[in-house]
Amino acid sequence: MFPSPNAVSRRSFLRRGAAIVPALVMAPGVLQGQVSSTVNMEGNYYLPVRPPAKPNPVVQLDEEAVIALERTLACPCPCTLDIYTCRTTDVTCSNSPAIHGDVIRMVNGGYNADEILLELDKVYGQRIMASPAKSGFSLMVWFMPFAALATGALAIALLVRTWRQNAVNATAARVDGGVGRIGVQATDDEMARLQAALRDDTR
Amino acid sequence: MTLVGELSLWVAILMAAWTTTVSWAGGYQRRSDLVFSGERAMYATFAFTMVASIGLWYALFTHDFSLRFVSSYTSRNLPSVYTFSAFWAGQAGSMLFWTLILSGYGALAVLFNRKRLREMMPWVTGTMGLITLFFLLATAFAANPFERLDWVPADGRGLNPQLQNPGMAIHPPMLYFGYVATAVPFAFAIGALITRQLDGEWLAAVRRWSLLSWFFLTIGIVLGMWWAYVELGWSGYWAWDPVENSSLLPWLTGTAFLHSIMIQEKRGMLRKWNVTLVVLTFLLSILGTFITRSGVIESVHAFAQSEVGWWFLGFLIAATILTAMLVSTRLKDMEAKAELESMVSREAAFLYNNLVLVGIAFATLWGTLFPILSEWVQDEKITVGMPFFNSVNTPLGLLLLALTGIGPLIAWRRASTANLKRQFLMPVVMGFVAVAVLMALGMRHFYALVFYGISGFVATTITQEFVKGIGARRRMYQEGLAMASVRLVARNRRRYGGYVVHFGVVVMFAAFAGQFFKKDYAQVELKEGDTYAAVDPWGHTWNFRSEGLSRYNTVNRNVTAISLVVDRDGEPMPPMVAERRQHFDASQNATFEPSTEVAILEMAGQDVYVFFSGMLDADTAILTINFNPLVIWVWIGGIIMAFGGVIVMWPQAERRERGYAAEMAPQHEEVLVGA
């Protein structure tokens, strides 16, 4: 008997069952969108940004300013570099030279840096920026590390307070033990005053 | 042989399953026959995984292109060294390689502890067996290097040219040795939690394996930086790429653990935290593997998108939940009557150090995963690139560097004011002197001055510790300077090896600060005889004269090379040759995109970095010329760190250690407490 062309092989079944089911059960849908949107490294990520030139355009950015601007833009390919670095060093990337072309076209069309960023944002969205904005949802990326650090510092402060109290109590307990052994007679009130004095001293 | 290898993979699966089952059963029923059987099965798992690996190497060297893996990553004209390293160049082979190391570590853990930790070892062996089983199953079912094609191609696709680099032949194994070694402390943590034995020998075993992991991760990360620098052509060595970050995460938490474990050893404190760090380090290495292998996050370093990522996600989630459950049932066992006399003590300094290390790890993880989160929450992927990581991690890194210097100056338990004054005086003065000298030389960059000020402070701290230690030995034993230095380190390897590591960190940070002086240089177009003049960050004038282009074939590629005659302020320098390469297969068909080979002139002050960007026409080359200050010190810092790691790891005879501790005790106290 021959298997039907649509039949799932035993190995394939086991493979899917062992890996995908637990992952899907435990992390429902979290990563599905990301996986489907992943494009291979050689893919074309370029989207044309070609607004019309301004009437009687005046060039407002020199070469240095263009480089500075391109330093703030992320190449959409997976190289994780900015547009300037990518276009000057990655000989295989077609995206960054194309985006550079659009930037130059806008510069020659009379656009300033802010206007160019706005035009790019309209087409690519925030992902074109190498650094997340410090507003809206993106603010969270900046805020969280320091919030976590502050929380950690607070936790350490609380812990240390407890541990210092333990140390004080332990010292007092050792003194109690010592007093008992050498047979000094003292009232409870006197012992309490002694321990309080010791606590003050150890602080 | 290839078939034997393939069959061995399946037998290894059975062996790993047996290891887990009988080890845990033996541990639970306290039956030594089952325990021994489990240990032998761990050895057998390693042996069969080794045979499977030899089978794959055999297939690679005999050009068995019926295997998809062999035809995808090698070709007949690939040089032998890269045919060998092609084993870990692709997803499937690297999975088998990972499993080979893992089973090897499992076998070594069993071997080293065959007479120790007898109650705990069955659980350790079983856990190692289970992790190995997972990797073997993932290899066999999701990324099998022995998968066959329906037809046999005449030649293979060849190896990606960027992987044909000596750094790439060594860097992945080093990283794997480091990543995989995190599994052993994890297994010991599981064993200790189950048997409720979280002190004594457990600590020693976990520390040893954590050190090994740290050592290999350090070498692997630095080699990865070097590879990126010499191969990718963007004249940097760290781009905060998700895959780079993935290797840094377990390194950071592992480093935190190696510091915090000292508090448990000395004071019996931080048991819960130490177990958490061990577990976290392992889980982060699995998370890193998921990131690298799933294709979920795009990276130039990542393997192609693969089903194997889902396996790792499932494993990560299962391991996290099960470990959390186990830890929650043992919280009472890990409670200790912790005491801390002062916020200004060595213990407290270690706490701050841990806070900063874990803080950097969190910031790095957060930035790496935020694009996924943003796409999930608001359906728009936000890029979190270098500016974010540099802005957040630079101040934290500086804080960490400062703590590196502060920690050794503070006594355990409580430091007196007089002690602090005495200990801190010289390092603080030297830190300010460094800043003053640099400002007098014209440096004005705020961050750079902070970097060098703190570096001066830490370097002086380390020097001061050595000077005091050597002085004490010379007084006590009338030894010469060299003998006292050698014996000081040899008889307290952990402490002084640690200082050597810290010195490596200082050198690296000083080198990182060189990036503040880097300038952008425009691309230049050079024909034969043309000269380009540029002024470097140190004020020297460089001339680059093109000697023209040469074209030739070699081994498996066609090369177009540009030779440059170079001089600095008129003084001749070594010639530089940058290349563009087009690789081809045995039939002379082009394979892969054109690649480049950077020309680098390495000097103490800076690297001259020439990248062959492209051709304007048949005779005109387009070059990007950069001056990268102090880069060579990054590699030297890495070597010093690794050397320090070797000193720390080097076994020390227990008898000698005890004797030394006794003889050095008064001096040691003097140094620490400042009496």
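Helix α17 of chain B spans residues 481–490. Helices here are DSSP runs of H or I with at least four residues, numbered from the N terminus. In α17(B), B:Ala484, B:Leu488 and B:Val489 are buried, meaning under 20% relative accessible area with a 1.4 Å probe and protein chains only. They cover an arc of only 125° around the axis, which puts them on the same side of α17(B). The arc is taken from the directions from the helix axis to the C-beta atoms. On the other side, B:Ala482 and B:Val486 are exposed, that is, over 50%.

This is a predicted model, in which local features need pLDDT of at least 70, side-chain atom pairs count only at pLDDT 80 or more, and totals for chains, interfaces and linings use all residues. Residues are numbered from 1 along each chain as its sequence is written, chains are lettered from A in the order in which they are written, and side-chain values use heavy atoms, without hydrogens and water.

Now the domains. An automatic or database assignment sets their bounds. In chain B, domain 3 covers 409–515 + 637–673, and domain 4 covers 517–632. Their C-alpha centres lie 41 Å apart. Nine residues of domain 3 of chain B contact five of domain 4 of chain B, with heavy atoms within 4.5 Å.

These two domains bury about 550 Å² between them. This is the accessible area (1.4 Å probe) that two parts lose on being put together, summed over both. Carbon and sulfur atoms give 55% of it. B:Ala511, B:Gly514 and B:Gln515 supply 69% of the area that domain 3 of chain B buries against domain 4 of chain B.

Definitions and conventions:
Helix = DSSP H or I, 4+ residues; strand = E, 2+ residues; numbered from the N terminus.
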